[in-house]
Amino acid sequence: MRPAFSVIFLTTLIGVGQGLFLALVAGQFYWVIGATDIPEAQDFYAIGSLLALVFMGGGLISSFFHLAHPERAWRAATQWRTSWLSREVIALPAVMGLLVLYGGLHWLDWRPVLMTFGNMKNLDLTMATGYLGAALVVALFICTGMIYACMKFIQEWASPLTVLNFALMGSSSGFVMATAYAGFMESPLEDFFAGGAMFLTIAALVGRIASIVRNKNIKYLSSLQSAVGLHHRNLRQLTRGFTASSFNLKEFFHPGSPALLPILTMAYMVSAFVLPIALMAFAWGTGSISAFALAFAVQYAGLLVERWVFFAEASHPQNLYYQKVA
Amino acid sequence: MSDPIAKQLALVIDLNVCVGCHACVTSCKEWNTSGWAGSMPDRNPYDADPSGVFFNRVQTYEAGTYPNTETIHFPKSCLHCEDPPCVPVCPTGASYKRIEDGIVLVDYDKCIGCKYCSWACPYGAREFDEESGVMKKCTLCVDRIYDESIEPERRKPACVLACPAGARLFGDIIDPDSEVSVAIREEGGYQLMPEWGTKASNHYLPRRKTRQVIHADELIRADNPLKKEGPLPKAKVGAPSLDDVTSW
Ligand code: SF4
Ligand code: SF4
């Protein structure tokens with residue numbers, strides 16, 4: 001498939017935003033249960049939510065560049081019964097709305113107690129909004145992943161690993177961002193976020209390796225024989241039927257050479273996972289905030305490459321019909 | 001999509017007959033670019049890197065090893081699948097399948113040009129129109145098959161009418177007595193990529209070989225007791241005959 005930059009930026013940016021939202025909610029939970037006794041400033045969550053909102057908004061804007069008729073984009077929310085893309089179109093603004101609510105409630109410090117548990121801990125409105133937001137973040141990860149995973153004949157994508165990896169990579173980048181942010185704000189949650197970022201980045205690395213291994217061993221169900229319906233062992237295309245170019249030749253093939261894919265795969269393995277893990281280990285040891293920020297920048301660049309490869313390595317069965325130039 | 005529909009219009013393409021002349025390709029473009037489904041723009045038609053929108057393409061394949069090869073001309077357009085994967089994925093509802101006749105269409109006024117449906121078609125049957133920013137595809141000439149200003153026998157897709165070899169049949173594949181159903185049943189009609197469960201409505205009739213077995217004794221005339229080839233002896237004038245023409 002041809003990687004579209006609008007979609008690459010959309011999926012990576014909202015990934016960061018979602019991960020950051022998850023991190024804030026997890027951080028608040030960690031703080032509420034009393035894991036740290038240093039008081040937490042309310043504007044930490046408010047500004048953090050704003051930051052997450054900026055990432056999500058960036059993704060949203062980028063998604064409009066993918067549409068030929070952005071003025072009709074509202075129609076894309078109508079088919080949620082059948083279309084994962086439509087569901088994503090609903091879930092994305094919903095997460096953004098909850099971010100506004102979550103950040104806003106923290107900013108106003110409006111936190112009426114909704115219920116009190118047996119251990120005398122309270123569930124207040126901000127925490128409850130956070131839980132709802134986290135649930136929606138997970139739903140959005142599922143929608144985004146399923147857009148690709150539901151294409152059963154694009155066999156590289158048709159796997160639960162696709163959904164899992166979207167969630168893990170997004171969460172990882174969000175937690176790395178959260179760590180840098182917490183360091184900058186001198187929040188006591190920095191160590192908690194750093195631990196989460198470390199864990200999620202390693203988990204994302206494992207998930208991505210699993211999908212690479214899986215995709216190496218794919219048995220393609222379609223062949224030229226099933227495409228044409230002529231079950232001869234020695235069948236080949238003489239002409240695709242036209243000499244000019246067409247949508248079919250552009251949309252379903254990536255512009256790079258085949259040799260580029262393994263190089264880029266190595267590049268993002270290092271940049272999206274290994275290097276950030278090393279940088280974070282260094283930063284954790286030395287308490288360097290700029291090393292966390294650098295880890296985020298390096299990882300984000302790596303995730304852009306990862307997304308490019310994710311599209312490029314997906315082979316569409318229609319390509320069977322377009323093997324011969326001329 | 002799982003509700004059974006009463007009627008499913010489709011093409012049946014006879015690969016044994018198709019000569020690969022591309023008459024269906026050009027007639028399709030001619031009819032549709034100026035019709036309901038148009039336009040089908042060409043970009044840079046006289047320049048470097050030309051490209052254009054087509055609903056129908058004819059490709060050519062070869063099977064076997066020289067000299068025992070076979071050339072197969074293979075027209076390909078939207079198959080109007082009975083379970084079309086391209087329809088449920090459309091976020092706007094622009095892509096839809098008509099219940100009255102099973103034709104899969106795009107509503108150009110709703111399409112946002114996200115191209116997701118084209119990803120969901122395993123056959124590459126949809127082509128994006130950059131000029132108008134919407135997805136396009138074969139409509140089975142929905143704007144002519146019901147047009148009452150056209151004489152009834154010509155209310156068929158342009159490609160079917162154009163095919164000089166008669167390789168394209170058009171009809172309702174749910175009606176068991178239609179020309180297309182009979183052809184599918186009796187000539188071994190098959191679907192493309194059945195592995196994806198799309199239940200493609202368009203069917204293809206396979207290449208067929210017509211062979212005659214001639215036994216050695218059939219090479220010699222059985223009614224020739226002298227085993228000599230040559231003009232038959234003429235009967236005498238006035239000799240009895242069966243019908244005044246034939247002689248013994
Ligand atoms: S051939 Fe492709 S575009 Fe046509 S109905 Fe089937 S899946 Fe949809
Ligand atoms: S390109 Fe148009 S028809 Fe296709 S999925 Fe998007 S909105 Fe629907």
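## Charges over rings

B:Lys136 lies over the face of B:Tyr108, at 4.9 Å from the ring centre. In this predicted model, B:Phe54 also has a charge over its ring: the charged end of B:Lys29 sits 4.0 Å from the ring centre.

## A stacked pair in chain B

Across the whole structure, a search finds 32 aromatic pairs over all chains. B:Tyr108 takes part in one of these with B:Trp36: the ring centres are 5.9 Å apart and the planes meet at 25°, so the pair is stacked. The pair links distant parts of the chain, 72 residues apart. B:Trp36 is in the loop between α1 (23-33) and β2 (42-43) of chain B, while B:Tyr108 is in the loop between β7 (104-106) and α2 (116-119).

Are the two partners buried or exposed? B:Tyr108 is buried, with a relative accessible area of 17%, whereas B:Trp36 counts as partly exposed at 42% relative accessibility.

## An edge-to-face pair in chain A

Now let's turn to chain A. The rings of A:Phe175 and A:Phe193 have centres 6.2 Å apart, and their planes are at 80°, so this pair is edge-to-face.

Key
Residues are numbered from 1 along each chain as its sequence is written. Chains are lettered from A and ligands numbered from 1 in the order in which they are written. This is a predicted model: local features need pLDDT of at least 70, side-chain atom pairs count only at pLDDT 80 or more; totals for chains, interfaces and linings use all residues. Side-chain values use heavy atoms; hydrogens and water are left out. Rings of Phe, Tyr and Trp (its six-membered ring) pair if their centres lie within 6.5 Å; planes under 30 degrees apart count as stacked, over 60 as edge-to-face and the rest as tilted. Helices (H or I, at least four residues) and strands (E, at least two) are DSSP runs, numbered from the N terminus. Buried means under 20% relative accessible area, exposed over 50%, partly exposed in between (1.4 Å probe, protein chains only). A charge sits over a ring if NZ of Lys or CZ of Arg is within 6 Å of the ring centre and within 35 degrees of the ring normal.
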